[in-house]
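User: I'd like to go through this model with you, one feature at a time. Could you keep the answers plain and give the cut-offs as we go?

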Amino acid sequence: MSFNSDVFIAALFSRAYLAGALVAVTLAALVQAAAIVIGFFIGLGRESPNGVLRKASAAYVWVFRAIPALLILILIWNALPQVIPILKQSWFSPYLAAFVGLTLLESALMAEILRSAMKSVPDGQTQAARALGLKPWRVMWHVLIPQMTRVAIPPTGNQFINMVKMTSLGSVISLQELLYRAAQDVSRTFSYAEYYSAAAIYYLVMVSLFMAGQNWLEKRYLWVSATTKRGRAAPGAKDLRYA
């Protein structure tokens, strides 16, 4: 069987594939946003002086880093409704199940990323801010989070790009994202090359755009020397600021 370019182009510009791509992007964005918030608090729990909170946070990270994403989705979509009957109702959609499953997984990964970013800030800065009379939440907001953001952007960007691709796992629970729509067309026509190639083009375009956005963010929040930026040398200068 030869490659049918007409079938490939028709799939590439079809509304169904565009809708599938939008499902993948919106799901990845929602999961990543929720995971950053949840992961931030889990990361704080990992560093908490409270032993119970610290162990509970560590257990969460351990469990959801150990279980494969595909298995989490199957457990939530297929097994959980058997235990909790209310989940058999129509409001519990594949999109919601995928959001919950991927958020549980991604929160554990983001907790470790944000905890590492938090530990990258020297303790002396926190102590100095407290010595000036700032309350703990002000120290977190004005001292820690700005510096954590700079450190966390590259790994968070990588996680988001990976999440865009991981949404394809939702096809096993009937989530109508890009790969699901391609698989449906393949099951009707057995034209593997044309439909899967069209889906691959969508992923290439989406990931390329997000990689460009990640590079822009990394440059935007890169600490640079003011003198270096002006092209002048100033021995001993440590005037650092956001680019």
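User: Where is the place of R15?

Analyst: R15 is placed in helix 2, where helices (H or I, at least four residues) and strands (E, at least two) are DSSP runs numbered from the N terminus. Before going on, note that this is a predicted model, in which local features need pLDDT of at least 70, side-chain atom pairs count only at pLDDT 80 or more, and totals for chains, interfaces and linings use all residues. Residues are numbered from 1 along each chain as its sequence is written, and side-chain values use heavy atoms, with hydrogens and water left out.

User: And is R15 buried or exposed?

Analyst: R15 is exposed, because its relative accessible area is 79%; buried means under 20% relative accessible area, exposed over 50%, and partly exposed in between, with a 1.4 Å probe and protein chains only.

User: How far apart are the C-alpha atoms of R15 and L169?

Analyst: Their C-alpha atoms are separated by 21 Å, and the two residues are 154 residues apart along the chain.

User: Switching to charges, how many salt bridges does a search of the whole structure find?

Analyst: The search finds six, a salt bridge being a side-chain nitrogen of Lys or Arg within 4 Å of a carboxyl oxygen of Asp or Glu. One of them joins E112 and R46, with the closest N and O atoms 3.2 Å apart. Because E112 lies in helix 5 (residues 94-119) and R46 in helix 2, this pair ties together parts that are 66 residues apart in sequence.

User: Is E112 buried or exposed?

Analyst: E112 is buried, since its relative accessible area is 14%.

User: What about K119, which residue does it form a salt bridge with?

Analyst: K119 forms a salt bridge with E47, and their closest N and O atoms are 3.9 Å apart. That pair links distant parts of the chain, with K119 in helix 5 and E47 in the loop between helix 2 and helix 3 (51-66), 72 residues apart. K119 counts as exposed at 53% relative accessibility, while E47 counts as partly exposed at 34%.

User: Which residue meets R115 in a salt bridge?

Analyst: The side chain of R115 meets that of E112, at 3.2 Å from N to O. R115 and E112 are three residues apart in helix 5, so about one helical turn separates them. R115 is buried, with a relative accessible area of 19%. Salt bridges that share partners join R46, E47, R65, E112, R115 and K119 into one network.

User: Now the rings: how many aromatic pairs are there?

Analyst: The count comes to eight aromatic pairs, where rings of Phe, Tyr and Trp (its six-membered ring) pair if their centres lie within 6.5 Å, and planes under 30 degrees apart count as stacked, over 60 as edge-to-face and the rest as tilted. In the case of Y17 and Y202, the ring centres are 6.4 Å apart and the planes are at 40°, so the pair is tilted. This pair links distant parts of the chain, Y17 being in helix 2 (residues 15-46) and Y202 in helix 9 (residues 192-220), 185 residues apart. Y17 counts as buried at 1% relative accessibility, and Y202 is buried with a relative accessible area of 14%.

User: What sort of aromatic pair do W91 and F92 form?

Analyst: W91 and F92 form an edge-to-face pair, 5.9 Å centre to centre with 75° between the planes. W91 is partly exposed, with a relative accessible area of 43%, whereas F92 is buried, at 7%. W77, W91 and F92 form one aromatic cluster.

User: Last topic, pockets: what volume does the largest pocket have?

Analyst: The largest pocket has a volume of about 470 Å³. On a 1 Å grid over the protein atoms alone, a pocket is an open set of points where a 1.4 Å probe fits, with protein on both sides within 12 Å along at least five of seven lines, and lining residues have an atom within 4 Å of a point. The volume is the space filled by probe spheres set on the points, with grid points joined across faces, edges and corners.

User: Which residues are closest to its centre?

Analyst: Of the 19 residues that line the largest pocket, I36, T149, A152, I153 and T156 are the closest to its centre. Helix 2, helix 7 (136-166) and helix 9 are the elements that give two or more residues to the lining, and the largest share, nine residues, comes from helix 7.
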